[in-house]
Amino acid sequence: MPELKRLHVSHAPAVLAFELANRAYFAASVSDRGDDFFAQFTDRYNALLAEQEAGICAFYVLIAEDSSVLGRFNLVDIEDHTAELGYRVAQHVAGRGVATATVREVCQLSAAQHGLRTLRAATARQNLASQKVLTKAGFVPVGPADPAHIGGKPGTWYQRDLVLPPRSAISPGCGKAAATTSQQTTES
């Protein structure tokens, strides 16, 4: 059974393999990351881990039983109990409910572990699959997205308000204050 895990330095080879194996598939619906992304992968990966450690972002990977990456699910620009959600799943699991189920899980994690109240996600108008995932996961369209934000394509912002668990249900050290001391748009 796949498991959602916080991004760790040990995931780097599997994340790179995931990105390379799915590059053409991703480029069909979102802007291609470009050759520089792959040439500078280690530096960029380390920068993500530093952002996570600083509490600016929280990155998750969906790990298969064989330790390969099935998807990436990112919370970026964490501030004022709000973050942007970005995600991508491998082509071989697309259309099977993996993205929807994991986005729902990330929504729960966002409230319980990061103290978030609102998640936003932008998607291009042509990316019907992403729109379907967001809608099934409880997001609603809230307005147009700046094309510069989503690879130069017209799109829509989606939003989901999260229900925070009762204070006693939040683990000690979790939430916004802890996240800033310990710690993607759909493009991330």
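A residue is called buried when its relative accessible area is under 20%, exposed when that area is over 50%, and partly exposed in between, using a 1.4 Å probe and protein chains only. Helices (H or I, at least four residues) and strands (E, at least two) are DSSP runs, numbered from the N terminus. The model is predicted, so local features need pLDDT of at least 70 and side-chain atom pairs count only at pLDDT 80 or more, while totals for chains, interfaces and linings use all residues. Residues are numbered from 1 along each chain as its sequence is written, and side-chain values use heavy atoms, with hydrogens and water left out.

The protein chain contains seven helices and seven strands. Along the sequence they follow the pattern β-α-α-α-α-β-β-β-α-β-α-β-β-α. The chain has 188 residues, and 47% of them count as buried.

Side chains of opposite charge can pair when their charged atoms come close. A salt bridge is a side-chain nitrogen of Lys or Arg within 4 Å of a carboxyl oxygen of Asp or Glu. By this rule the count comes to four salt bridges. In one of them, the side chains of Glu-19 and Arg-33 meet at 3.2 Å, N to O. This pair links distant parts of the chain, with Glu-19 in helix α1 and Arg-33 in the loop between α2 and α3, 14 residues apart. Glu-19 counts as buried at 1% relative accessibility, whereas Arg-33 counts as partly exposed at 24%.

Glu-19 also forms a salt bridge with Arg-88, at 3.0 Å, N to O. Glu-19 lies in helix α1 and Arg-88 in strand β4, so this pair ties together parts that are 69 residues apart in sequence. Both Glu-19 and Arg-88 are buried. Another salt bridge joins the side chains of Asp-35 and Arg-23, at 2.9 Å, N to O. Here Asp-35 is in helix α3 and Arg-23 in helix α2, 12 residues apart. Asp-35 is exposed, with a relative accessible area of 56%, while Arg-23 counts as partly exposed at 23% relative accessibility. Salt bridges that share partners join Glu-19, Arg-33, Arg-72 and Arg-88 into one network.

Next comes the largest pocket. On a 1 Å grid over the protein atoms alone, a pocket is an open set of points where a 1.4 Å probe fits, with protein on both sides within 12 Å along at least five of seven lines; lining residues have an atom within 4 Å of a point. The largest pocket holds about 500 Å³ of space. It is lined by 22 residues, of which Tyr-25, Val-89, Ala-129, Ser-130 and Val-133 lie nearest its centre. At least two residues of this lining come from each of α2, β4, α5 (98-114) and α6 (128-136). The largest share, five residues, comes from α6.

Val-103 lies in helix α5 and is buried, with a relative accessible area of 0%. Leaving aside neighbours within four places in sequence, Val-103 is in contact (heavy atoms within 4.5 Å) with Phe-73, Leu-85, Tyr-87, Val-133, Ala-137 and Phe-139. Thr-100 also lies in helix α5 and counts as buried at 10% relative accessibility. Not counting residues up to four places away in sequence, Thr-100 touches Val-133, Lys-136 and Ala-137.

Methods: Points joined across faces, edges and corners; volume = space filled by probe spheres on them.
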